[in-house]
Amino acid sequence: MPGLDRRALLAAGVGLAGAAVSGPAAAAAPFFRSRGLPIGIQLYTLGPDAAKDLDATLAAVAKIGFRTVELAGLLGRTAAEFKAALDKAGLKAPSAHIQARGGQDSFQGDLGKLAEDLKLLGVTSAVMPMFYIPERFGAPSAADGGLAGYLTRVATGLTADDWKMNADYLNKKAAALKPAGIKVGYHNHNLEFAPVGGSTGLEILLAETDPALVTFEMDVGWVAAAGVDPYALLAKHKGRFSLMHVKDIKADTQANFALKMNPADIGSGSLDWKRLLPAAYESGIRGFFLEQEPPFTQPRIEAAKVGHDFLAQVAA
């Protein structure tokens with residue numbers, strides 16, 4: 001869709017939303033429909049299914065009612081192949097997770113080629129899903145007990161200067177990709193909320209990145225798992241978050257900074273979506289992507305449908 005037409009449609013949607021929320025029936029209006037926003041899904045949620053049969057997975061996603069997806073890698077396909085699969089399903093991919101390092105399709109690779117691929121896919125937000133790991137931490141080892149243990153070890157060892165280095169890295173990549181119309185972002189887990197001196201990793205990233213270049217994607221499930229108030233975070237940094245992972249957790253999740261949570265189907269956990277979605281919108285978030293962490297109590301695609309159907313009827 002040409003940029004001008006898309007902006008015009010979005011403007012019309014916002015205008016209609018304004019009319020809808022100003023009337024007496026505002027409380028009964030479904031959040032996404034009244035604001036003209038699509039309900040998206042981060043494909044990490046369906047990772048094994050998508051890797052096994054991408055076409056069938058995307059068709060099922062579209063049938064549920066999702067209209068946008070956020071990419072978590074290309075699953076061994078080329079950008080052209082993945083775009084063809086998206087087109088076949090009638091889906092758009094406005095956002096993609098791009099690793100900090102690790103190959104040609106990372107921020108460490110050829111940024112010109114990355115920009116070409118992202119533009120072909122229709123991606124306008126390239127989000128770094130995890131911090132850049134300094135060389136001194138080495139590779140994961142058996143002593144880490146898995147990837148989560150390794151990332152926790154790294155996160156607890158990061159200094160304020162390491163977080164400033166990450167901010168500088170984001171600024172440089174964002175400046176390089178801006179001419180291509182691609183906004184660079186950063187996605188949080190709960191690791192970024194661990195104390196670093198008198199601050200946290202996330203606060204340092206927010207302070208040291210250029211708001212004109214770098215945006216943020218709030219994973220609200222991980223925010224809650226860290227024991228942090230998402231409303232206060234949105235209010236404090238209004239305008240810095242433009243994307244959100246809609247993720248729920250069970251009430252028995254203990255606050256931690258070690259990649260631990262008790263996940264729940266969207267709408268069955270502890271988060272108050274009737275309050276949270278409008279707060280996110282007011283703060284500037286326009287891209288919402290359902291995401292759920294394992295373990296699942298039902299097939300992943302069924303959990304995705306439960307989450308979508310809940311979000312579609314949330315009145316806020």
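This is a predicted model: local features need pLDDT of at least 70, side-chain atom pairs count only at pLDDT 80 or more; totals for chains, interfaces and linings use all residues.
I began with the lining of the second largest pocket and found that helix H6 gives the most to it, with five residues. Residues are numbered from 1 along each chain as its sequence is written, and side-chain values use heavy atoms, with hydrogens and water left out.

For the pocket I noted a volume of about 980 Å³, taken as the space filled by probe spheres set on grid points that are joined across faces, edges and corners. A pocket here is an open set of points, on a 1 Å grid over the protein atoms alone, where a 1.4 Å probe fits and protein lies on both sides within 12 Å along at least five of seven lines; lining residues have an atom within 4 Å of a point. Of the 40 lining residues, Ala 72, His 97, Gln 99, Pro 129 and Met 130 are the closest to the centre of the second largest pocket. Strand E3 (92-97), H6 and helix H7 (147-157) are the elements giving two or more residues to this lining; helices (H or I, at least four residues) and strands (E, at least two) are DSSP runs numbered from the N terminus. By class, I recorded 22 nonpolar, ten polar and eight charged residues in the lining, with Ala, Val, Leu, Ile, Met, Phe, Trp, Tyr, Cys and Pro counted as nonpolar, Asp, Glu, Lys and Arg as charged, and the others, Gly among them, as polar.

I then looked at what packs against H6. The axes of H5 (residues 79-89) and H6 (residues 111-121) come within 9 Å and cross at roughly 15 degrees, where axes are lines fitted to C-alpha atoms, for helices over the stretch in contact, and angles run from 0 to 180 degrees between N-to-C directions. In H5, Ala 79, Ala 80, Phe 82, Lys 83 and Leu 86 meet Asp 117, Leu 120 and Leu 121 of H6, contact meaning heavy atoms within 4.5 Å. H6 and H8 (residues 160-177) pack at about 60 degrees with their axes 10 Å apart, and here Leu 111, Leu 114 and Ala 115 of H6 meet Lys 173, Ala 176 and Leu 177 of H8.

Last, I checked the backbone. Leu 75, in the loop between strand E2 (68-71) and H5, has a positive phi near 55 degrees, and the peptide bond from Pro 294 to Pro 295 is cis, with omega near 5 degrees.
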